[in-house]
Amino acid sequence: MLTIYATECIILNSGIMERGIEMFCSRCGRELRDGEVCSCTETSGNNNASSSPLPDSKAIIEGAKHAAEALRNDPMVSEVIDTIKGVTVSPVQQVSENAYRTDILWLILTVLESAMVSFGITAMLRRGSYALVTLFGIKADYSEYAKELNDLGLSPLKIFGAEFLCALVSFIASMLIISAMMTISKRRTGFFAAANMTVTAFLPSSMLIAAAGVLSFVHIVPGLAAVFAAVVSAILLGFVGMQSLGRFESPPFRRYILYMLLFCTVNILAEIIFLGPLIGGSMS
């Protein structure tokens, strides 16, 4: 910036004020030698930087607590937490109660359970295949084996993505099948009620499959036991849910067997469509 004061013939150029042969800093007034640049600007900048307040850890913790409390007080989040607690304490009662819900709880639980199932299956596939390799006497370190799987295109992220899509398709197909069966049986339940019942009935099995993924890192046998328990839970609670949803006078064994056949068919097709290309590509 160039400023000329005609009255005093003072030239201010780049923060330097010149009076005759003497030079002074235009900010602090300090006398300067010829060609010297005053350091008061740098000092001021450093002082401002050093005096800037650091983030208060207590304030951050308090903010996180308030955010968590606000999230907990959200009605839908509270419903999700209560449902998880319910299926843990009394799964039959919770499934029966959610068969009468007509809100969008099913949408949140579908995404949550798909993530649980995808994690569990991803871990089980990788650890399970490694267990088979070691079972047949092929000794290999797991880190090396995992690297080989990654090189073949079977990375955890790719398997998780494929299984997540497969789980989404399977859950939604299950809801549609049950809703259609209720309509054919002249039970006016609605899609949302069928969807809420379905995801609630599958919630314990989804949690067990996620636990199986964690247990597989310890040993494959506990993981397989958790998967077996997940299958049994899904079958039993699904039957209870259909009974509660349709308010059938007698147990709907035939309808439920038909539903299970259709659901298993859709699930197998989804695995072939989404996971098949990954496995096929690794073998080529």
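This is a predicted model: local features need pLDDT of at least 70, side-chain atom pairs count only at pLDDT 80 or more; totals for chains, interfaces and linings use all residues.

Reader: What span does helix α7 reach from its first C-alpha to its last?

Author: An α-helix has 3.6 residues a turn, so residues three or four places apart point the same way. The expected span of a helix is 1.5 Å times one less than its number of residues. Helix α7, residues 156–184, has 29 residues and reaches 41 Å, close to the 42 Å expected.

Reader: Which residue with a positive phi follows α7?

Author: Most residues other than glycine have a negative phi. K186 follows α7, in the loop between α7 and α8, and has a positive phi near 60°. K186 counts as exposed because its relative accessibility is 75%. R247 also is not a glycine and has a positive phi, of about 50°. R247 is found in the loop between α9 and α10, and its relative accessible area of 52% makes it exposed.

Reader: What is the volume of the largest pocket, and which residues lie nearest its centre?

Author: Rolling a probe the size of a water molecule over the atoms shows where empty space is left. On a 1 Å grid over the protein atoms alone, a pocket is an open set of points where a 1.4 Å probe fits, with protein on both sides within 12 Å along at least five of seven lines; lining residues have an atom within 4 Å of a point. Grid points are joined across faces, edges and corners, and a volume is the space filled by probe spheres set on the points. The largest pocket has a volume of about 710 Å³. Its lining has 27 residues, with V117, I121, I209, V231 and N267 nearest the centre. Two or more lining residues come from each of α5 (105–135), α7, α8 (191–215), α9 (220–246) and α10 (253–274), and α10 gives the most, with 7 residues.

Reader: How is the lining of the largest pocket divided by class?

Author: Ala, Val, Leu, Ile, Met, Phe, Trp, Tyr, Cys and Pro count as nonpolar, Asp, Glu, Lys and Arg as charged, and the others, Gly among them, as polar. The lining of the largest pocket has 20 nonpolar, 5 polar and 2 charged residues.

Reader: Which element gives the most to the lining of the second largest pocket?

Author: The second largest pocket holds about 440 Å³ of space. It is lined by 20 residues, of which L125, R126, G128, S129 and Y145 are the closest to its centre. Helix α5 gives the most to this lining, with 9 residues.

Reader: Is T83 buried or exposed?

Author: T83 lies in helix α3, residues 75–89, and is buried because its relative accessible area is 1%. Leaving aside neighbours within four places in sequence, T83 is in contact with Q94, N98, L105, L109, T200 and L203.

Definitions and conventions:
Residues are numbered from 1 along each chain as its sequence is written. Side-chain values use heavy atoms; hydrogens and water are left out. Helices (H or I, at least four residues) and strands (E, at least two) are DSSP runs, numbered from the N terminus. Buried means under 20% relative accessible area, exposed over 50%, partly exposed in between (1.4 Å probe, protein chains only). Contact means heavy atoms within 4.5 Å.
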